[in-house]
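Thanks for coming. I will go through a few local features and then the place where the chains meet. Please have the structure open as I talk.

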Amino acid sequence: MARVALKQVTMDYDSTTALKNVSFETKDGEFLVILGPAGAGKTTLLKIIAGVLRPTRGRVYMNDQDITDKPGNLRNVAMTFEDYALYPTFTVKQNMDNPFGAMENPPSKEERENKILEIARMLQIDHLLDRKVDQLSGGQKQRVSLARSMVRSPQAFLFDEPLSHVDAKIRHAMRAELHRLASVLATTTIYVTHDYVEALSLGDRIIVIDKGVIQQIGTPHEIYHDPVNEFVAKVVGQPNINLFTCTVKKVNEQIVVESVNSSALSFVPRADFRDKLERYVGEEIRIGIRPQDIGFTMTPNGDNNLATKVELFELWGRRGMIMALLGDEEIRVLTDTDEVINLNQNVWLDLSETPLYLFDISGVKID
Amino acid sequence: MENNQVQEKKNWLSIIGTNLALIIIFAFFLFPIIWMVGMSFKTIDDILAWPPKFFFTPTLANFKAIITSQMELRGVGSIPIDFMQGFWHTLIISATAVIVSVILGVPASYALSRFNFKGREDIAFTFLSFRFGPELLVIIPIYFIFQKINLMDTYAGLIWVYQLITLPMIIWIMRSYVDDVPVDFEDACVIDGYPRWRAVFKIVLPIIRPGIAASALLAFIYAWNNFLFALVLGSSKTSTLTISAMKFISAEALRYGIMSAGIVISFLPILAFSVFAQRYFVRGLSMGAIKR
Amino acid sequence: MSDTSLALQPDETSQEAPLNPIPRKEKWAPFLILGPALLAVGVVMIPFFISVYYSMTNYKFTRPNFNFVGLKNYINILTSDTFWHSVKVTFTYAAIAVSIETLLGIITAFLLNTERLMAKIFKPFLLLPLMIAPLITTLIWRLMMSPEFGVLNYFLSFFGLRDFPWATSPDTAMFTVLLVEIWTFTPFVALLVLAGLKSLPKEPFEAAQVDGAGQWFTFKNVTLPLLTPYIAIAVVFRLIDSLRQFDIIFGMSKGGPGDTLMNFQVFAYTTTFTYGNPAKGLTYIIINWIIIYVISTYLVKYWQKVQSRIS
């Protein structure tokens with residue numbers, strides 16, 4: 001069990017910088033998810049914690065001890081790689097046995113066999129123990145890679161996109177399995193992914209990172225409801241959050257928000273947001289509206305409704321995904337009906353009760 | 001239907017044409033080799049016959065003479081033949097040179113592949129340039145140097161100079177093999193608890209082993225086939241097969257049979273290897289540029 | 001509530017931690033590992049400089065107390081007929097050799113890339129000519145070209161050329177060595193191009209077929225461009241190697257008759273060891289080296305560009 005901390009870690013390469021001034025600290029036994037798009041620096045981060053990369057600047061700590069100069073083979077962490085990194089010339093059993101060979105006082109042959117068998121059974125790969133690694137399927141390889149990391153008792157687990165190459169159908173089941181494993185093992189875990197659904201469902205806390213810079217650290221709830229900038233708001237949610245540049249106006253003493261691109265998108269925001277927007281009358285701000293928060297009717301339903309024309313319709317299971325046109329502005333809406341909606345049909349949106357995400361022009365959250 | 005018939009006729013023509021062309025081309029490539037092997041089994045009379053004999057009674061006399069280093073002359077007894085020595089010299093020098101190159105070169109190729117340091121490409125290019133430069137540029141001064149430091153006509157001297165041939169090959173070919181092994185394998189092994197050098201030995205080495213075999217074989221062949229180095233820097237104590245064979249040319253006509261046997265002995269083992277290892281040689285022949 | 005930290009904008013100047021020093025072990029590791037290899041051949045640097053030095057002296061085996069003469073050798077050589085004759089020999093040899101080897105090699109590769117019976121039978125034997133020591137190959141051909149019993153002369157006798165002079169006549173000597181050269185090295189080109197053919201992606205060809213492209217069109221606009229990197233590499237190697245050819249020419253006639261076949265290296269060897277004039281020989285070799293170096297750096301750059309396209 002360990003607390004892992006990074007302090008102002010920067011990783012420079014010849015032509016790029018993978019990580020910029022990254023700092024965070026895990027809690028003991030926490031399941032921390034690092035969420036970000038490809039190239040955000042997530043794998044680099046894990047490798048620095050594991051000790052196979054040395055940061056250009058900044059220090060790494062384990063339980064308040066500076067381990068930056070500690071070689072990777074002495075750090076007692078376990079890591080799974082996105083491409084599994086299973087040793088191709090060894091069998092599954094030999095792969096799992098590898099960590100034992102490095103120990104100063106390795107357990108007896110019998111103990112090793114037992115441990116390997118125990119973990120193999122737990123991950124349901126015991127029937128594969130004598131297979132050569134290149135004969136395995138993606139899902140099987142993934143479990144072997146997990147098993148290999150579990151034969152020791154590391155102080156922390158590092159998982160690099162473990163589910164990104166797994167079949168979509170199996171992914172859901174594997175996610176649940178990973179969750180269960182994590183609580184059984186009760187070890188500090190740092191889990192890297194680009195999939196926000198994984199992040200929201202697995203993490204105690206989430207670190208959102210983009211281009212090597214930490215954007216936000218928070219619980220899933222905070223990341224979803226209280227994004228600190230537009231990037232974080234966009235990262236979570238499908239379809240993407242709608243973002244509009246709007247001017248805050250005062251019409252008849254009423255706060256009204258209107259898009260700069262289209263006067264058709266103009267509405268009176270919810271009461272609690274009207275108070276917040278008082279300060280910004282006459283100014284331009286960015287407003288985020290989640291597609292699932294938009295009120296939707298097939299017929300006009302009151303005078304706070306906005307008329308839109310449907311440009312695109314997709315049936316998503318029990319809901320419909322609509323891309324609608326408000327004048328020149330496009331807006332995505334997630335409906336709660338599976339009724340088929342035709343193109344160019346008029347539908348009506350109600351934004352009067354919608355929670356709004358407020359950002360300034362540069363994309364940073366407004367309080 | 002007519003269309004099918006036309007297609008079939010076209011196909012027939014192309015099949016016959018392709019096969020014919022290949023027969024002609026390979027007749028060209030293989031005839032000298034086959035003729036040479038034939039000549040090595042001919043008596044000296046058959047060799048000198050005109051018109052040349054395509055059918056003859058084979059004899060092992062030439063091989064016997066070469067291997068026992070004695071040639072029987074009709075009615076005069078036997079005279080010594082100086083050839084087998086060349087075989088052993090070539091074998092020892094080539095094999096040792098390759099072994100040295102593998103020991104020095106494989107780690108070097110790892111360093112060039114994994115470490116990113118200033119001057120890396122310059123050093124790599126320096127190794128490559130040995131493959132491209134005219135040999136005499138360094139051989140002539142080495143000729144003078146060796147005379148001064150007594151390395152002339154020695155195994156050690158030649159093995160060292162042969163590094164100019166074998167080392168760049170091993171380094172460049174193995175570099176491309178090491179490049180193909182993802183670093184993640186080593187990293188995973190380090191995280192498992194092994195210091196990096198042990199990780200490399202345990203994980204990377206088994207993966208590149210076929211590459212080492214292939215590049216070592218190719219380097220061995222190039223060393224075996226060398227002429228110029230041995231010509232300038234070798235002499236009686238280290239004369240290689242190529243030198244020995246060359247000497248036969250200036251000998252009298254009676255030696256042609258033995259010369260043929262000698263030539264065949266000098267290339268037959270190599271040809272046997274290369275028939276089986278051909279597909280591994282593509283990477284080697286292109287110094288690692290082509291990976292299939 | 002929580003420790004949600006504020007976002008750090010990429011352009012926000014927050015205090016950066018100091019640079020982490022690289023441990024000495026890591027800095028020197030690559031050089032330590034490379035060291036022995038470098039040493040073994042880095043020592044080659046010394047002979048190279050000795051060559052340059054000697055080429056600027058008038059060292060002869062008969063004149064061991066030599067003097068430094070600067071660039072006199074170079075000037076003399078560059079204005080001598082024998083030099084320009086060597087240039088002509090060297091470049092003629094290289095140009096003809098590379099062109100024919102490339103053409104014949106490409107044809108052979110295409111023929112071997114088919115499903116024909118002969119392709120399957122002969123493919124394992126493609127490299128054989130290349131694997132024999134070039135010197136030995138030359139001796140084999142000399143035996144076949146013997147005026148008394150040579151089997152090639154026998155074949156030629158059907159065309160009335162029984163007494164074909166091969167390498168004994170200035171008119172046919174170049175043809176003779178080129179014959180041996182082409183025989184030996186065409187398989188090299190063929191093998192590389194064949195490897196290229198086998199590794200070409202299927203998609204462009206399928207697309208062309210769907211588009212209804214004819215065979216010649218496909219060949220010219222799909223196959224050939226995709227094959228260019230492989231052909232380029234083969235040509236680079238052959239060009240550089242043929243410019244410094246020694247074994248074949250020396251083995252055939254030691255550069256003769258007269259100086260008909262005196263390309264750079266053969267002439268340098270002869271000047272140094274037969275005529276005992278190392279200073280002059282080395283000057284030749286250095287000029288040879290300069291030419292090759294210029295061509296090879298330019299071509300290697302192209303090769304690196306081509307290599308990144310393949311992998």
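I start with Asn150(B), which is exposed, having 9 other C-beta atoms within 10 Å. On that scale, a residue with 20 or more other C-beta atoms within 10 Å of its own is buried, one with 12 or fewer is exposed, and anything in between is partly exposed, with C-beta atoms placed from the backbone. This is a predicted model, in which local features need pLDDT of at least 70 and side-chain atom pairs count only at pLDDT 80 or more, while totals for chains, interfaces and linings use all residues. Residues are numbered from 1 along each chain as its sequence is written, and chains are lettered from A and ligands numbered from 1 in the order in which they are written.

Back to Asn150(B): its phi is near 65°, a positive value in a residue other than glycine. Asn150(B) sits in the loop between α6 (136-149) and α7 (155-180) of chain B. Helices here are DSSP runs of H or I with at least four residues, strands are runs of E with at least two, and both are numbered from the N terminus.

Chain A has a positive phi too, near 50°, at Asn63(A). Asn63(A) counts as partly exposed, with 13 C-beta neighbours inside 10 Å.

Next, cis peptide bonds. One joins Trp50(B) and Pro51(B), with omega about 0°; another joins Gln238(A) and Pro239(A), with omega about -5°.

Last, the interface: 19 residues of chain A are in contact with 15 of chain B, contact meaning C-beta atoms, placed from the backbone, within 7 Å. On the chain A side, β6(A) gives the largest share, three residues.

Notes:
Two residues are in contact if their C-beta atoms, placed from the backbone, lie within 7 Å.
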